[in-house]
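Subject: Structure handover

Dear colleague,

Please find below the structure I promised to pass on, followed by a short account of what was found in it.

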Amino acid sequence: VRKEVVLQPWELRPFLNHADQMAALDYIVAIESDIFIPTYGGNMAKAVEGHRRYLGFKTTIILEREGALIKSIDDYRNGILDWDEFSLLVKRIHEDRDGKPTRRKENPDKPRYEDFFYSNPQECFATHQQPLEDTFLTIAVLILLVIFCVFLFLSFLL
């Protein structure tokens, strides 16, 4: 679902010349949707992915855009696979890519290739024996998320 589907044209009109407000609408729709499938893996998609994880691991399907999915699409288009085989392959390729809890990949030698904190804020998720410093970190991230939402809301109003 896109904001253009949820809102009437007259409701969108005040925001059309304000890219930041349109982005805020996109963010709200993405957070509130039942399932989120980002079409592009940019910063907005990563922020939404992390926010949805923080909100209880709402289903977020991260597309496999490289090898297996592209080959499956090509095979389906070329008639090598029928719809049932293609559908089964797509489901198998994505069965572990749905926003479930995962450990964030860390790479001390190449931090640029680590998972972004805001797309997978694993340190903020409660555990059975959560140390006090983790509780403070959770509160700090929650405060940052509230500030971010207030900023989005204010930019939406302006």
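Helices (H or I, at least four residues) and strands (E, at least two) are taken as DSSP runs and numbered from the N terminus, and the expected span of a helix is 1.5 Å times one less than its number of residues. This is a predicted model, in which local features need pLDDT of at least 70 and side-chain atom pairs count only at pLDDT 80 or more, while totals for chains, interfaces and linings use all residues. Residues are numbered from 1 along each chain as its sequence is written, and side-chain values use heavy atoms, with hydrogens and water left out.

The protein holds seven helices and zero strands, and buried residues (under 20% relative accessible area, 1.4 Å probe, protein chains only) make up 28% of its 158 residues.

Helix 3 has 14 residues and reaches 20 Å from its first C-alpha to its last, close to the 20 Å expected at 1.5 Å a residue. Its buried residues are Gln21, Met22, Ala24, Leu25, Tyr27, Ala30 and Ile31.

Helix 3 (residues 19–32) packs with helix 4 (residues 43–54) at an angle of about 35°, their axes being 10 Å apart; axes here are lines fitted to C-alpha atoms over the stretch in contact, and angles run from 0 to 180 degrees between N-to-C directions. The contact (heavy atoms within 4.5 Å) is made by Ala23, Asp26, Tyr27, Ala30 and Ile31 of helix 3, together with Met44, Ala47, Val48, His51 and Arg52 of helix 4.

Definitions and conventions:
Buried means under 20% relative accessible area, exposed over 50%, partly exposed in between (1.4 Å probe, protein chains only).
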